[in-house]
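Subject: Handing over a structure

Hello,

I am passing this structure on to you, and my notes on what turned up follow below. Please have a look at it first and then read on.

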Amino acid sequence: MEMVPGRFDSEWFLREYWQKKPLLIRNPWKAWENPMEPDELAGLACEDGVESRLVTQASDNWELEHGPLPEPRFGQLGKKPWTLLVQAVDHLVPEVAALLEPFRFIPNWRVDDVMVSYAVDGGGVGPHFDQYDVFLVQGLGQRRWQLGGLCDDATELLPHDDLRLLAGFEPAEEWVLEPGDILYVPPRFAHNGVAVGDDCMTYSIGFRAPSRRELVGGWAESLLAELDDDDRYADPDLPAQDNPGEITPEALDRLHAMVAEKMLNRAAFARWFAQYSTTPKNPEFDWRPEEPIGIDYLRRCLAEGVPLLRNPASRFSFVRELGSLLLFVDGQCLPCTGDAAKFAELISAHDRLTVDPAMSASEPVLELIVELYNMGSIAFDLED
């Protein structure tokens, strides 16, 4: 899916709107096509291992059901408004994954997934706010979006066990989105979307923003796993104290240094965060090929110019370290140098890549491709 040059300027957007204020973008695509059919989405919601939710509304009574949903459920919904939401559809449907390509000016590690929703007339999930950035792409039908002000932890919510609905939503702006239109909503902005007519499909491209709590907790937990219990406080130069009840500044300095030395190790933190941020969203899925790739088959495919495809469910990022490059894929660290490092940069930037003949003659590159292929993180586009 491509945008018309000039209809969306990514540098201007980042400078003026990203994490600052909402933006409505009227159909910027060269030729918009809805990436999937409603029946296909309903089928995914019935599958084990796929995260799905069904939100129904009767007057002011909102109900939430978690999937997998039994197939007969959709025929039992009657005329009350309802919305079906399915997470990480980009991991399962290549046409939905293609929606991410125009937004690759945002770093890979920030991308979460593409959630797809289907709603009948009047359906929605209620006025709410999110803690992350989202591009709301209208795929099919119409949806009325209302935007309010900024929210925070003190914003009053309606009492509900499952849904975080705003108690006093006051819309400041309102638009009806047609197929291909995009609404960008920054974190913490109140918003409410309601389907106008049946067959309303919306693609929510969401971005991750780790909380300080997540970072501190995750980093500390990873350090604990590596620390030796024999690495203890020592004070061989301990002087006599006038008052044994005092924890002296010298002791506190030494204790604090024991913690800070590990916590403030930037290189170790970089490795941990890259591993943490590339861990698969759904690790229970096994994407490895039934048969490991052989080097002869690999050489033949590359020689014939068969493109490589990144698995949409895989996360690719890299960190530069002392002249080398550490490629992180699905939570694994793959050190790279020379041609392999150049290939790592390319495959991290492109969902689809035809390998240069000179690069495909490099043994380190071939070894890296074999490893990524056998991890299930890349495959060959044999339909090309």
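A word on classes before anything else: Ala, Val, Leu, Ile, Met, Phe, Trp, Tyr, Cys and Pro count as nonpolar, Asp, Glu, Lys and Arg as charged, and the others, Gly among them, as polar. The model is predicted, so local features need pLDDT of at least 70 and side-chain atom pairs count only at pLDDT 80 or more, while totals for chains, interfaces and linings use all residues. Residues are numbered from 1 along each chain as its sequence is written, and side-chain values use heavy atoms, with hydrogens and water left out.

Let me begin with the pockets. On a 1 Å grid over the protein atoms alone, a pocket is an open set of points where a 1.4 Å probe fits, with protein on both sides within 12 Å along at least five of seven lines; lining residues have an atom within 4 Å of a point. Grid points are joined across faces, edges and corners, and a volume is the space filled by probe spheres set on the points. Helices (H or I, at least four residues) and strands (E, at least two) are DSSP runs, numbered from the N terminus.

The largest pocket holds about 1200 Å³ of space. Its lining has 44 residues, and Arg-53, Gln-87, Asp-130, Gln-131 and Tyr-132 lie nearest its centre. Two or more lining residues come from each of β2 (52-58), β4 (82-86), β5 (111-119), β6 (134-150), β9 (189-207) and α6 (266-277). The largest share, six residues, is that of β9. By class, this lining has 18 nonpolar, 14 polar and twelve charged residues.

The second largest pocket has about 750 Å³ of space. It is lined by 31 residues, with Leu-309, Arg-310, Asn-311, Pro-312 and Ala-313 the closest to its centre. At least two lining residues each are supplied by α3 (94-97), β5, β10 (308-310) and β15 (378-380). Here the classes are 16 nonpolar, six polar and nine charged.

On to the strands, which pair if DSSP finds at least two bridges between them. An open, antiparallel sheet has three strands in the order β14-β10-β15. β14 (352-353) and β15 are at the edges with a single partner strand each, so one side of each lacks a neighbour in the sheet. Three bridges link β10 and β15, and Leu-308 has Phe-380 as its bridge partner in β15. Helix α10 (residues 363-375) lies across β10 and β15, at about 100° to β15. Such angles run from 0 to 180 degrees between N-to-C directions, and axes are lines fitted to C-alpha atoms, for helices over the stretch in contact (heavy atoms within 4.5 Å).

There are hairpins to look at too. β2 and β3 (residues 61-66) run antiparallel and are joined by six bridges, with Val-55 opposite Leu-64. Two residues separate these strands, and Ser-59 in the turn has a positive phi of about 55°. β11 (residues 316-321) and β12 (residues 324-329) also pair in the antiparallel sense over six bridges. Their hairpin has two residues between the strands, and Leu-322 takes a positive phi near 50°.

Last, a helix pair: α4 (residues 212-226) packs against α6 at about 110°, with axes 11 Å apart. That makes α4 roughly perpendicular (65 to 115 degrees) to α6. Among the residues in contact are Trp-219 of α4 and Trp-272 of α6.

Enjoy exploring!

Definitions and conventions. Angles under 35 degrees count as roughly parallel, over 145 as roughly antiparallel, 65 to 115 as roughly perpendicular and the rest as oblique.
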